[in-house]
Amino acid sequence: MILACQNITKAFGEHVVLKNASFHIEEREKTAIVGINGAGKSTLLKIIMKELAADEGQTIITKGKSIGYLAQHQEMTGGSSIFDELLTVKQEVLALESRMREMEQSMKHAQGDQLTQLMEQYAKLNHDFEQQNGYAWKSEITGVLKGLGFGEEEFEKKVDTLSGGQKTRVSLGKLLLSRPDIIMLDEPTNHLDMNSIAWLETFLMNYPGAVIIVSHDRYFLNRVVTKIVEIDQGVVTTFKGNYTDYARKKAQLREAQMQAYLNQQQEIRHQEEVIARLKSFNREKSIRRAESREKMLDKMDMLEKPTEARTDMQIELEPRFPSGNDVLTVEGLTKSFPPKTLFTDLNFEIKRGERVALIGNNGTGKTTILKILNGVIPADYGSFRLGARVRIGYYDQEHHVLHMEKTVFEEISDAYPTLTNTKIRNVLAAFLFTNDDVFKRIKDLSGGERGRVSLAKLMLSEANFLILDEPTNHLDIVSKEILEHALNHYTGTVLFVSHDRYFINMTATRILDLSERTLTNYIGNYDYYVEKKETITCFTSGPVLSECADTAAESEAKLDWKQQKEQQAQLRKKQNELNRVEKRIEELEYRSKELDQLLSQEEIFTDVAKVMELSGEKEKLQTELTSLYERWELLSE
């Protein structure tokens, strides 16, 4: 064991954030701390770092062990360059190197015992230098900076000119280079692109020390951690495994706890009814028995009602009317911000019902494409066409569609003047804005709160084509899952930009990868994209869209755009059939339950003719269901 938290309790006023929280971390263990926004995750990290005092309890770190901490927001000033800032971590190594150079000069002029003594000291210094990877310090710094997304041309940038996200990446690089025994990271993936996140995953998985992570990136947690510490209403529970293991076990545990709670509540009601009945008899013996049962109830250990999966935020996305089949056609789209060219001659189409994820590294132009499609900025060349009856709903990660001086209530009421005050209040309550919260100004809201206002406007828009720029930013895991569910049941079309690989995996039916100023098309979710990206060779169709073919199956052939559209049409056809099959299964299963109820009624099961009629219907229904289950399984695969 390298770190232990024992009975940590922390409250802010009447709000208790942590209640007797206890857990421990083993050496080399990779652990995630999870919970909804405001659960107390960052507070717990600050208590471990002694930046915040616990009301009760203690944290114990094994003697002689070091700990490094990366907070969400970093302040960094001074005129040093990015490279020099990371070089400060290597001061001990540089000092060793300087002493070795001095000794080398001294040995040139030393003789006899003095030379022998210098050589012994040099050998010891050299050993220490090697142990600290001294001969590779420059390549180590370069590797970390490149891994975190900095190009060599940026190494000499001054840190006081960097954005908040860039400063956080520099701080992360310094922490990783310092190699403490325990690394604690608070939302480390927030300012990283996909390649940098993948690099960080590999680094942390192979890290020889312990790692503690607070993150809403479920894909990242699945790859890195082996233990989950959950904070739920102040109570800390430990689960073995990654995030998927935790989610499954949590659901099972919640179900078991809920069943135990309901059983106890049923027993309590039963006993109370018996007690009331006994007392109503008004006999001495009956009253004594009632009193005995009351004492039994008083001694019962009452179970608290377990917290349910959060359902307080409600997102229901539904278009007012369907669009035509052709939703968006882009031809020859080109955009530059001199001297940098983002992309050239992009061509792609989006059909009704598709959920298309636009992915790529930071700075490739993903958000720029969305802004062009929404008329926020013009393209240099090329054009795009919206299809018949297409109505766009736009979610902007910078929330420029919100008015900073308006209140939350005014933002909704001005955008939708026909809504009553009660309707507006109900909608805002569905997005966790209640009471006086609705009178907060947009400029005073947090990033997560602004995101919820934007989602509320999106829901009210009843658009049939949603264009979303980083919709999961600032959302906690439960809120992300609610949004995923809403998008997967949305009958319109979606084009979105996201770095959240888990979110992409759960929602996308097609992926457009923007790299090298062009697009590559993958028909499938993120897992499919990763698999195909590793096993296929991409061929560029002119300067337009890179179409990818499996080298083993198709050698150096490439899919042309017509074939691609045919594949998409087949995929949509199968998806529509899958939806029809699922709907029919639901109808038949509901009818099956109705028949079971009917057959259990006395007036039915005593009527032979009626029983035979209903039994015959039940048999036909089961035959059809069996066939549908087989078809559903085939279509799902």
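How many helices and how many strands does the chain have? The chain has 21 helices and 20 strands, where helices (H or I, at least four residues) and strands (E, at least two) are DSSP runs numbered from the N terminus. This is a predicted model, in which local features need pLDDT of at least 70 and side-chain atom pairs count only at pLDDT 80 or more, while totals for chains, interfaces and linings use all residues. Residues are numbered from 1 along each chain as its sequence is written, and side-chain values use heavy atoms, with hydrogens and water left out.

**The chain as a whole**

- Taken along the principal axes, the C-alpha atoms fill a box of roughly 115 × 80 × 55 Å.
- Of the 637 residues, 45% count as buried, a class that means under 20% relative accessible area, with exposed set at over 50% and partly exposed in between (1.4 Å probe, protein chains only).
- Among contacts between residues at least 6 apart in sequence, 67% join residues at least 24 apart, contact being defined as heavy atoms within 4.5 Å.

- In helix α13, which spans residues 421–430, the buried residues are Ile-424, Val-427, Leu-428 and Ala-430.
- These residues lie on the same side of α13, because they cover an arc of only 155° around the axis, the arc being that of the directions from the helix axis to the C-beta atoms.
- An α-helix has 3.6 residues a turn, so residues three or four places apart point the same way.
- Asn-421 and Thr-422 are exposed on the other side of α13, whereas the buried residues of the helix pack against α12 (408–415) and α14 (447–461).

**Aromatic pairs**

- The structure holds 12 aromatic pairs, for which rings of Phe, Tyr and Trp (its six-membered ring) must have their centres within 6.5 Å, with planes under 30 degrees apart counted as stacked, over 60 as edge-to-face and the rest as tilted.
- One of the pairs is formed by Phe-203 and Tyr-207, which are stacked at 5.9 Å centre to centre with 25° between the planes, and both of these residues are buried.
- Phe-409 and Phe-439 form a tilted pair, because their ring centres are 6.4 Å apart and their planes stand at 40°.
- Since Phe-409 lies in helix α12 and Phe-439 in the loop between α13 and α14, this pair ties together parts that are 30 residues apart in sequence.
- Phe-409 counts as buried at 15% relative accessibility, while Phe-439, at 46%, counts as partly exposed.
- Tyr-219, Tyr-522, Tyr-526 and Tyr-529 form one aromatic cluster.

**A buried lysine**

- Lys-250, in helix α9 (residues 243–281), is buried with a relative accessible area of 12%.
- When its neighbours within four places in sequence are left aside, Lys-250 is in contact with Glu-230, Asp-232 and Phe-239.

**Backbone geometry in the loops**

- Most residues other than glycine have a negative phi, and most peptide bonds are trans.
- The peptide bond from Pro-338 to Pro-339 is cis, with omega near 10°, and Pro-339 is found in the loop between β10 (326–337) and β11 (340–351).
- Lys-50, although not a glycine, has a positive phi of about 65°; Lys-50 lies in the loop between α1 (41–48) and β4 (56–61) and is exposed at 62% relative accessibility.
- Asn-435, in the loop between α13 and α14, has a positive phi near 50° and is exposed, with a relative accessible area of 59%.
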